[in-house]
Amino acid sequence: MAENNVGHFIPLDRHEYPSKPAPGTVDSSFWKSFKKKEVSRQIAGVTCINFCPEPPHDFAVTSSTRVHIYDGKSCKLKKTITKFKDVAYSGVFRSDGQIIAAGGETGVIQVFNANSQMVLRQLKGHGRPVRVVRYSPQDKLHLLSGGDDSMVKWWDITTQEELLNLEGHKDYVRCGAASPSNVNLWATGSYDHTVRLWDLRNSKTVLQFKHGKPLEDVLFFPSGGLLATAGGNIVKVWDILGGGRPIQTIESHQKTVMSMCISKVPKSGQALGDAPSRLVTASLDGYMKVFDLDHFKVTHSARYPAPILSMGISSLCTTMAIGTSSGLLFIRQRKGQIEDKIHSDSSSLQVNQVNDSLSEKDSTVLTPSQYRYFLRGRSEKPSEGDYVVKGMEKVYFREYDKDLRHFHHSKALVSALKAADCKGTIAVIEELVARKRLIQTLSILNLDELELLINFLSRFVLVPKYSRFLISLTDRVLDARAVDLGKSENIKKQIADLKGLVVQELRVQQSMQELQGIIEPLIRASAR
């Protein structure tokens, strides 16, 4: 009951119905915080996306005969490298962000100045298209390349010389990665279904894995002890320190997995270095999926309107780019933890400076002859252990609260209906039910007021969070005022509209049940 006596009335507590599902996991909240920043249409499919390790973390997008460089903060196009005679592949930044290298259909690797787009070096040695170009994170003078001639080569950029020719693959080499823990250890994947680990010190294969499908991407985990390989719709994780033992097989995608990366997922207020890592995969089925590294379960997924060819995430986990086969480039961005920290640090510094200036001003001795002497203590904060006496808060009454306070039940209901306040109207009806005055109130409403009530029911009776309560109320209204429903043309029309809504909802529910009957056997069969 909302009242104790006439003199002491408590305003109605508006019941908050759940408007949406319960908050998701930390992972889903993190990935949903990436908002669409830009959608760019490229000439052809986006085959490679590579983020610069250095701020502001610009990223290179390779498509057709061009390598586009986008600004890491604004996500706008900054520069375009067009000095390719044919299709370009695998445009990547050097670790310092000053140099970009890219392969191409002609078999020539070109090295560009990232600022002037000038060609600095041309590395010639492959007989067929070069699909893979990779810089080592710790080495600025050498790069690794792999091509459709099944060769893997190690280059000295300064002299344009081929230092090593790593032979072993029997088909196209389409992916490569450097070990984060060993500068001499590289992994390459080929369409011959194998992954080879090369030791550059002796130019030999130290480990070989049989993935079972043509390889599209390989990825070292941050520790360097695990390696993920993607080929077909399968992602496999291998224990390198354990001699190449497979420890996990992931078959979550329906089509070929084209790209993988590792991303941090920080909680609110958590430092990026302390955040857990996640494996992110992108596939030709149009899905990007996120897996935890403990049990390799899907923690989040997102669907894109075209098959995904490439993907990249900045090192600060603030910008994500997805490239599709249709040429669409999706760029999403969230507010970075580092930027937040810098902003908060600068804000706290300003606050400290203001507090210091105030403390200097307050340090002067006040005397009774000064006005500020009589204002002492107004801004004083209570210390631990003090008993705080709070002032009386003013209670604000809505119009229907005032009517309920004086037991004007019908006026209260009409006031809530006229205010077009859904939550307030439901709160008034619940109060009338508690006072056992609902039927009496419904029976004394005139035709205009009844019309307001039926209009309210027509608007909200099918809203899921209100439907259970309002369906029973609608039955009560129709039973209590059945004689008066035909006295007004407006009410007749409202009842006809309400009936149409109910019939339409029943059809939707029937269709959903039929669909559920089709899907459930498929789910059971896939579980087996």
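Colleague: A polar contact is a pair of N or O atoms within 3.5 Å, and within protein one must be able to donate a hydrogen and the other to accept it. With that in hand, which side chain makes a polar contact with the side chain of Q333?

Modeller: That's T319: its side chain and the side chain of Q333 are joined by a polar contact of 3.3 Å. Keep in mind that this is a predicted model.

Colleague: Noted. Where does Q333 lie?

Modeller: Q333 lies in strand β28, which covers residues 328-333.

Colleague: And is Q333 buried or exposed?

Modeller: Buried. The relative accessible area of Q333 is 17%, and the cut-off for buried is under 20%, so Q333 qualifies. Leaving out residues up to four places away in sequence, Q333 touches S33, F34, K35, K37, G72, K73, C75, T318 and T319.

Colleague: Let me zoom out. How many helices and strands does the chain have?

Modeller: The chain has 9 helices and 28 strands. It runs to 528 residues, and 45% of them are buried. Of the contacts with a separation of 6 or more, 46% are between residues 24 or more positions apart.

Colleague: What holds strands of a sheet together in pairs?

Modeller: Backbone hydrogen bonds, in either a parallel or an antiparallel arrangement.

Colleague: How many bridges join β18 to β19?

Modeller: There are 5 bridges between β18 and β19 (residues 226-231), and the two run antiparallel. If you want a spot to look at, find L219, which stands opposite A228 in β19.

Colleague: Which strand is Q110 in, then?

Modeller: Q110 sits in β8. Its relative accessible area is 8%, so Q110 counts as buried.

Colleague: Which polar partner does the side chain of Q110 have among side chains?

Modeller: Q122, through a polar contact of 3.2 Å between the two side chains. A polar atom of the Q110 side chain also lies 2.9 Å from the backbone oxygen of K83. Beyond its neighbours within four places in sequence, Q110 is in contact with several residues, including F84, I100 and V119. As for G91, it is 19 residues from Q110 in sequence and 9.4 Å away in space, C-alpha to C-alpha.

Colleague: On to the helices. Where does α8 bend?

Modeller: At L470, by about 35°. The end-to-end span still fits: α8 (residues 464-480) has 17 residues, so at 1.5 Å a residue it should span 24 Å, and its end C-alpha atoms are 25 Å apart, which agrees.

Colleague: Which residues in α8 are buried?

Modeller: Y466, S467, L470, L473, T474 and V477 are buried there.

Colleague: Last one: which helix is S458 found in?

Modeller: Helix α7, residues 447-460. S458 counts as buried because its relative accessibility is 16%. Not counting residues up to four places away in sequence, S458 touches Q494, L498 and L501.

Definitions and conventions: Residues are numbered from 1 along each chain as its sequence is written. This is a predicted model: local features need pLDDT of at least 70, side-chain atom pairs count only at pLDDT 80 or more; totals for chains, interfaces and linings use all residues. Side-chain values use heavy atoms; hydrogens and water are left out. Helices (H or I, at least four residues) and strands (E, at least two) are DSSP runs, numbered from the N terminus. Buried means under 20% relative accessible area, exposed over 50%, partly exposed in between (1.4 Å probe, protein chains only). Contact means heavy atoms within 4.5 Å. Two strands pair if DSSP finds at least two bridges between them. The expected span of a helix is 1.5 Å times one less than its number of residues. The bend at a residue is the angle between axes fitted to the seven residues ending there and the seven starting there.
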